[in-house]
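Welcome! Have a look at the protein shown below, and then let us walk through its sheet and some of its helix pairs together.

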Amino acid sequence: MTAERPRVDGDPKADPKVSTLAYFGTELRIRREEAGLSQAELGRRTFCTHSYISRIESASRVPSEEFAQRCDDVLGTGGMFARLWPVVIEHAYPDWFRPFVELEKDAVAIWNFQNQVVPGLLQTEAYAQALFAAGKLANTEELVAARMTRQHILQRDSRARLWAVLDENVLRRVVGSPAVMARQLEVLVEAAQDPRTVVQVIPYEVGAHASMDGPFSGLTMDESADLVYIDGRARGYITAAAEDVAEYRHTYDLLRADALPPRASIAMIAARAKELAS
C-alpha cells in the first residue's frame, strides 16, 4: 500500500496511514479523479448519492461490497476495490478478536451464552447500530458493517450449527427503541426456524445460574482443537486449553439445563416481541 498519499479534504480520519478504511477512501478519490469523474457522476454510475461517495472518501462511511464491485466496473480497476473490501471489514475488528472471527468460519458448531445482548451472529443492523452508538465509539459504521458481514457464515449451505442460550435480561432490556427491539426479537424467532439453530432462554425465576460472571462463546472444530472465547470489558481472550474448554462445556450444559426448552423459549421471545410492538 502506498501510505504516503495525501489526506482527503484535510480530514485526519482520511489519512491512509490511519486505517484501511482511509486507504480505501483515498484510493477511491485518486481513481475517480484519474477517470475525470466528479463525486456526483461516480454516484450516478454506481447508483449512490453524492454524499455517500463523499463520506467514503473522507473515511466516515464503510462501503458496501456491492459498491466496491461497482467502482471496479466503472473505474476499470481490475477488481482492486473488491479485493480491498474484505480487508477494510476485517480491520474493523479489534486485533484480539480477529482470530476468533477467522476460526468461526471453519467451526462445525458454535455454542454461545449471552447475559445482556443478542449474540452478534443474530443481531439486526439497527440493533447493532444502537449497541455501538451507546458505547460512543468512533468507528461505529465499520463495526456494524463488520458484524453484518460476519453473519454471512450462517447463509452458507454447509453452515455451522448454532446454539444460543440467553438470559431473560436480553429480552427485557430495550436496545435502540421498542420498534428496533421488537424486530430484533422477531429475527430471533425466525432464526430458530432453521433446524441448525437452537435458541433457549433462562428465565428470571431460575435465579442464579452457572455463568453469572459473563458471556462466552465456544467453537467445535472439525480438524483442530475446540476453543472458547471469553468476553471482557476492555478485551476478550481465546483459549484452546483442553481443561478450560472442558470447564466451559460443563458450564454450558448447566445453562442449557436451567433454560426453558426451545419451543417454550421461542414462545417467550415471540410474546415479548408482540408486547414491544403493541
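Six strands form an open sheet with mixed pairing, in the order S3-S2-S1-S4-S5-S6. Strands here are DSSP runs of E with at least two residues, and helices are runs of H or I with at least four, both numbered from the N terminus. At the edges lie strand S3 (197-202) and strand S6 (237-239), each of which pairs on one side only. Two strands pair if DSSP finds at least two bridges between them. On average, neighbouring strands of this sheet are turned by 15° against each other, direction ignored. Strand S2 (residues 161-167) runs parallel to S3, and their pairing covers six bridges. One of the residues to look up is Ala-164, whose bridge partner in S3 is Val-199.

Because the model is predicted, local features need pLDDT of at least 70 and side-chain atom pairs count only at pLDDT 80 or more, while totals for chains, interfaces and linings use all residues. The protein chain has a mean pLDDT (the predictor's confidence in each residue, from 0 to 100) of 89, and 94% of its residues reach 70 or more. Over residues 1-13, pLDDT stays under 50. Where pLDDT is low, the predicted coordinates should not be read in detail.

Now for the helix pairs. Axes are lines fitted to C-alpha atoms, for helices over the stretch in contact, and angles run from 0 to 180 degrees between N-to-C directions.

| Helix pair | Angle | Axes |
|---|---|---|
| H4 (residues 65-75) and H5 (residues 80-90) | about 155° | 7 Å apart |
| H1 (residues 20-34) and H4 | about 25° | 11 Å apart |
| H10 (residues 178-191) and H12 (residues 262-277) | roughly 155° | within 8 Å |

How do H4 and H5 run relative to each other, given their angle of about 155°? That angle makes H4 roughly antiparallel to H5, since angles over 145 degrees count as roughly antiparallel, those under 35 as roughly parallel, 65 to 115 as roughly perpendicular and the rest as oblique. Their contact (heavy atoms within 4.5 Å) involves residues including Ala-68 and Leu-75 of H4 and Phe-81 and Trp-85 of H5. By class, this contact has seven nonpolar, one polar and two charged residues. Ala, Val, Leu, Ile, Met, Phe, Trp, Tyr, Cys and Pro count as nonpolar, Asp, Glu, Lys and Arg as charged, and the others, Gly among them, as polar.

H4 also packs against H1, at an angle of about 25°, which makes H1 roughly parallel to H4. Phe-24 and Leu-28 of H1 are among the residues of this contact, as are Phe-67 and Cys-71 of H4. The contact of H1 with H4 has six nonpolar, no polar and two charged residues.

The axes of H10 and H12 cross at roughly 155°, and these two helices are therefore roughly antiparallel to each other. Their contact includes Leu-185 and Glu-186 of H10 and Ile-269 and Arg-272 of H12. It divides into 12 nonpolar, no polar and two charged residues.

Definitions and conventions
Residues are numbered from 1 along each chain as its sequence is written. Side-chain values use heavy atoms; hydrogens and water are left out.
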